[in-house]
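Here is a short briefing on a sheet and its aromatic rings. Please look at the structure first, then read on.

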Amino acid sequence: MSRRSLTILAMSAAFTLAACSGGAATTTAPATDPPTASVPVPASADPGGGTAACTPSSDAGAVEAAMSEFAFVPATVQAKVGDVIAWTNGDSAPHTATLKDDTACTTANLGNGESGGLTFSAAGSYPFFCKIHPDMKGTIEITS
């Protein structure tokens, strides 16, 4: 056999072995239990064991607040259980008011001049921020 024939035969054998073996080494990872999800209880959880009761609202606000110059005004909003807190955006950039411990409780993205509100059914202290500008922060104080 010529040297060229031997080279072609060797390459064919290598390709055949690679094809039969799947071309790559495979390993099977040992089965493990799925990770246990840890659900943090927000600081605003109600003492009865439920989670904080906050719902977005489009109703007129009993308590008015603003988003101005990339800050919440006032930084600490005080309201009573059941009050709608309504933020009006005075900036050209959009903002949200979103609970830190429950990001499902949020206003929509509010453009300039738009308003959005949140209503609380449990007393507590609720840290919040803007999802778009996380350096914007404040606290909502709800009393009964």
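Ring pairs join Phe72, Trp87 and Phe128 into a cluster. Rings of Phe, Tyr and Trp (its six-membered ring) pair if their centres lie within 6.5 Å; planes under 30 degrees apart count as stacked, over 60 as edge-to-face and the rest as tilted. The model is predicted: local features need pLDDT of at least 70, side-chain atom pairs count only at pLDDT 80 or more, and totals for chains, interfaces and linings use all residues. Residues are numbered from 1 along each chain as its sequence is written, and side-chain values use heavy atoms, with hydrogens and water left out.

**Aromatic rings**

- The structure holds three aromatic pairs.
- The ring centres of tryptophan 87 and phenylalanine 128 are 5.3 Å apart and the planes stand at 50 degrees, so this pair is tilted.
- This pair links distant parts of the chain, 41 residues apart: tryptophan 87 is in strand 5 (residues 84-89) and phenylalanine 128 in strand 8 (residues 124-129).
- Strands here are DSSP runs (E, at least two residues), numbered from the N terminus.
- Both tryptophan 87 and phenylalanine 128 are buried (under 20% relative accessible area, 1.4 Å probe, protein chains only).

- Five strands make an open sheet with mixed pairing, in the order 1-7-5-2-3.
- Strand 1 (54-57) and strand 3 (71-73) are at the edges with a single partner strand each, so one side of each has no neighbour in the sheet.
- Two strands pair if DSSP finds at least two bridges between them.
- Strand 2 (residues 63-68) pairs with strand 3 in the antiparallel sense, over three bridges.
- Methionine 67 stands opposite phenylalanine 72 in strand 3.

Definitions and conventions
Helices (H or I, at least four residues) and strands (E, at least two) are DSSP runs, numbered from the N terminus. Buried means under 20% relative accessible area, exposed over 50%, partly exposed in between (1.4 Å probe, protein chains only).
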